[in-house]
Amino acid sequence: MMERKSSGIKYFAVLIGFLRDRPGFLEEVRQGIRLPNKIISLLVCSSLFIAAYGAIIGAYHSWMQAISSAIKLPALYLITLLICIPTLFFANIIFGSKRSFAQHLALVLTAVSVTSVLLFSFAPITLFFLITTNNYQFLILLNVFIFAITGFIGVSSLYQATSLVLEQDDEGSKTRHKILQFWLFLYAFVGSQLGWTLRPFFGTPGSVFELFREREGNFYLSVIKSLSYLFGFR
């Protein structure tokens, strides 16, 4: 028991070390220092933070939805990463990168970790609105905004981190820079559509619990529909 507790503390120590000294952390990633420990720590901590946020938004519907969302929300981020990271890795390798897959994975997990910490920091605000309002469309749009802003900050931190971890001054660096820009767009697009596929995370008020819904429409049409209801266009 004490050993498990000690391991948990070490995981969070790695995350706190990254948040307090990102240049130093990224320099160690660039040099390949303790990569397995970094990868596992960031993976565990980010999953726990995202799961906590998922449980809060799922509790709007029922305890079953809270458990479901606590599992599905971390899965959303990690599956998106698994789908997209091979594209980034192999494209960089083709155009001259000498960094390993583990270094690419650790780098992308730093972005997921930043996003997860920000989501966790927004949790009290989300909980406040869940308690004080019953406007379903407002809550949906509020969380779209929260996911968008936390995701944007996360990928922005990844974009900045590449200058410290991936080679930017050798042959092919300009091409890899453009690849990264395209990949960030791809990551956001895949993540938003996967989120739509894994819904519900909230659960429609008054409805029975559903683990998944039928595949119909897409994420962007849903946002437009929610805006229309909120502002009285429909």
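**Exercise 1. In this predicted model, find which residue forms a salt bridge with E27, and state how the two are placed in the helix.**

Solution. 
1. E27 forms a salt bridge with R30; their closest N and O atoms are 2.7 Å apart.
2. E27 and R30 are three residues apart in helix α2, so about one helical turn separates them.
3. In an α-helix there are 3.6 residues a turn, so residues three or four places apart point the same way.
4. E27 has a relative accessible area of 27% and is partly exposed. R30, with a relative accessible area of 30%, is partly exposed as well.

**Exercise 2. Determine which residues are linked with E28 in a network of salt bridges.**

Solution. 
1. Searching the whole structure gives three salt bridges.
2. One of them joins the side chains of E28 and R34, with an N to O distance of 3.3 Å.
3. Another joins K38 and E28, whose closest N and O atoms are 2.6 Å apart.
4. K38 belongs to helix α3 (residues 35-58) and E28 to helix α2, so this pair ties together parts that are 10 residues apart in sequence.
5. E28, R34 and K38 are therefore linked in a network of salt bridges, given the 4 Å cut-off between a side-chain nitrogen of Lys or Arg and a carboxyl oxygen of Asp or Glu.
6. E28 is partly exposed at 25% relative accessibility, whereas K38 is buried at 3%.

**Exercise 3. Describe the surroundings of K38.**

Solution. 
1. K38 is found in helix α3.
2. Leaving aside residues up to four places away in sequence, K38 touches V14, F25, E28, V29 and I33.
3. Of these, F25 and V29 are among the buried residues of α2.
4. With E28, the side chain of K38 makes a polar contact, side chain to side chain, at 2.6 Å.

**Exercise 4. Work out on which side of α2 its buried residues F25, L26 and V29 lie, and what is found at the ends of the helix.**

Solution. 
1. Helix α2 spans residues 22-31, and F25, L26 and V29 are buried in it.
2. These residues cover an arc of only 95° around the axis, which places them on the same side of α2.
3. At the N-terminal end, D21 caps α2: one of its side-chain oxygens lies 3.2 Å from the backbone nitrogen of G24.
4. After α2 comes G32, which has a positive phi, near 75°.

Note on methods:
Residues are numbered from 1 along each chain as its sequence is written. This is a predicted model: local features need pLDDT of at least 70, side-chain atom pairs count only at pLDDT 80 or more; totals for chains, interfaces and linings use all residues. Side-chain values use heavy atoms; hydrogens and water are left out. Buried means under 20% relative accessible area, exposed over 50%, partly exposed in between (1.4 Å probe, protein chains only). Helices (H or I, at least four residues) and strands (E, at least two) are DSSP runs, numbered from the N terminus. The arc is that of the directions from the helix axis to the C-beta atoms. A polar contact is a pair of N or O atoms within 3.5 Å; within protein, one must be able to donate a hydrogen and the other to accept it, and residues adjacent in sequence count only if both atoms are side-chain atoms. Contact means heavy atoms within 4.5 Å.
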